[in-house]
Amino acid sequence: TAYNVGAGLRAAPHASSSRAASTAVSMGMDISELIDDAKKSRLEHLEAQAIQSLKVAVDQFEKPVFPNAMIVGDCVITHLLHKIDALKTGKVKIMVVDTFHLLDDTMPFLGKVEDKYGFEAEVFGPAGLESKRNLSPENFAEYDKKYGANLWKEDIEQYDKVCKVEPFQRGLKTLGADIMINGRRRDHGAERAYIDIAETVPVNGGLAKLNPLAYWTLEDCFDYAAANGVPLHPSVERGYPSQGDAKDTVPVPDPDGLSGVQGEAGSVKWVDGVWTGDKAIWLDYGCERRGRFVNLLNKDGSKKTECGIHVAGAEKTFDRDLWDTSKAVQTLAAPSDVESLTASGKEAVVVVYAPWCQFCQAMEEEYDKLADASGLPVYKFRGDEEREFVKANLNTQSFPTINYIDASGKAIKYESEDRSVGAMAEFAKSGGKVAA
């Protein structure tokens, strides 16, 4: 039945509704298939792109190293390296930094991943500890005795140096890395929004870097894991989108809103490829690490968002000592040399340093000028290998620590954060009497 409306013909209302309903059902099925096909094609493309880049690392570099934190993207990269047979053959070394403060199931999870893919990770922890893998209370006691159980509360920057940056740099050096594979992605946030899949000639120096997941999103990583049986850290099943230190990592949402999203812990989670809750809380741009670095502040009072490992050039001085070619800075090689200096009756300046410390690196050029500016002999003593000695004799809790040595052998600490040659010279020439 049809009826006239002006100059046109229209079907009766009931016929129109039936046809619309039928079309909607058909289109709904077609759209669903279209979305599924698009996602499948996207993952296939991203996988092929990532594998191509990883083959570049394997074929064109001698010693590729992958620092693996076992977050979602790192689990995907591990799987991709297995697919190109780069793990069992040892063509790519997997490096893990054990901070001795990780979530309880992180190191056991590593063991399961090693068994699945047939490799053994190279694990690096805080310097001077006998145990490579922190799996028992005795390991914690060993750490506490050497560094103090509350180091992270007392000096978070020093904690990052001891437990993250130094082991990271030492690991790359020990393994002889000539390219570093990592899981940085553009959707991590503004500071990574324009990274490319490869940085073979870094502008600021340092290692060549490969970012095989640069163009992926966090959702892509979860989708790929679900489609390919990639094991993920067990904490994703408890509501953790990212895995860091247990002391400052919370689920998202969390009951106290420390992550910025208040809600029941585990109300958003991923279990065996199935989402529970509002996944957008995890997947929105820049939100993966919402639950990390909780309640941690930098010295300037700003919220901590990085540990120092992934900042530009963090690895670039791991391969040398500081002031290694200096003609002005003299080396005190052992505690006995320090004792000889303090007993000599001569005035001097001594910096207690660690070559992996970014603050020590930053003052290298200025300190090199201090001998000329102050008229005093200037020395360096590596303190990270003699922590008890420098704590007891050279006022050292963190690096760098600068001391004026007076004629009686007393070490007077330079308390100022101003490490310009002018400020340090004024301190030295005044006999250590300049106010902070």
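Helices H2 and H3 are roughly parallel to each other (angles under 35 degrees count as roughly parallel, over 145 as roughly antiparallel, 65 to 115 as roughly perpendicular, the rest as oblique). This is a predicted model, in which local features need pLDDT of at least 70 and side-chain atom pairs count only at pLDDT 80 or more, while totals for chains, interfaces and linings use all residues. Residues are numbered from 1 along each chain as its sequence is written, and side-chain values use heavy atoms, with hydrogens and water left out.

**Stop 1: the helix pair**

Select H2 (residues 72–83) and H3 (residues 106–117). Helices (H or I, at least four residues) and strands (E, at least two) are DSSP runs, numbered from the N terminus. The two helices pack at about 20°, with axes 11 Å apart. Axes are lines fitted to C-alpha atoms, for helices over the stretch in contact, and angles run from 0 to 180 degrees between N-to-C directions.

Now show side chains. H2 contributes Cys-75, Thr-78, His-79 and His-82 to the contact, and H3 contributes Phe-109, Val-113 and Tyr-117 (contact means heavy atoms within 4.5 Å). By class, four of these residues are nonpolar, three are polar and none is charged. Ala, Val, Leu, Ile, Met, Phe, Trp, Tyr, Cys and Pro count as nonpolar, Asp, Glu, Lys and Arg as charged, and the others, Gly among them, as polar.

**Stop 2: the six-stranded sheet**

Next, pick out the open sheet with the order E5-E4-E3-E6-E8-E7 and mixed pairing. Strands pair if DSSP finds at least two bridges between them. Strand E5 (122–124) and strand E7 (198–199) are the edges; each has a single partner strand, so one side of each is left without a neighbour in the sheet. Strand E4 (residues 93–97) pairs with E5 in the parallel sense over three bridges. Zoom in on Val-96, which stands opposite Val-123 in E5. H2 returns here: this helix packs on the sheet, touching strand E3 (64–67), E4 and strand E6 (179–181).

**Stop 3: a buried asparagine**

Go to Asn-139 in helix H4 (residues 137–147). Is Asn-139 buried or exposed? At 9% relative accessibility, Asn-139 counts as buried. Buried means under 20% relative accessible area, exposed over 50%, partly exposed in between (1.4 Å probe, protein chains only). Show Phe-100 too: its C-alpha atom is 8.1 Å from that of Asn-139, though they are 39 residues apart along the chain.

**Stop 4: helix H7**

Select residues 218–228, helix H7. Its buried residues include Asp-220, Phe-222 and Tyr-224. Just after H7, Gly-229 takes a positive phi of about 65°.

**Stop 5: the five-stranded sheet**

Finish at the open sheet ordered E11-E13-E12-E14-E15, again with mixed pairing. Strand E11 (329–331) and strand E15 (411–413) form its edges. Colour E13 (residues 378–382), which runs parallel to E12 (residues 348–353) over five bridges. Val-351 has Lys-380 in E13 as its bridge partner. On another strand, E11 joins E13 in parallel through three bridges, with Val-329 partnered to Val-378. Four of the five residues of E13 are buried, so the strand is largely enclosed by the rest of the structure.
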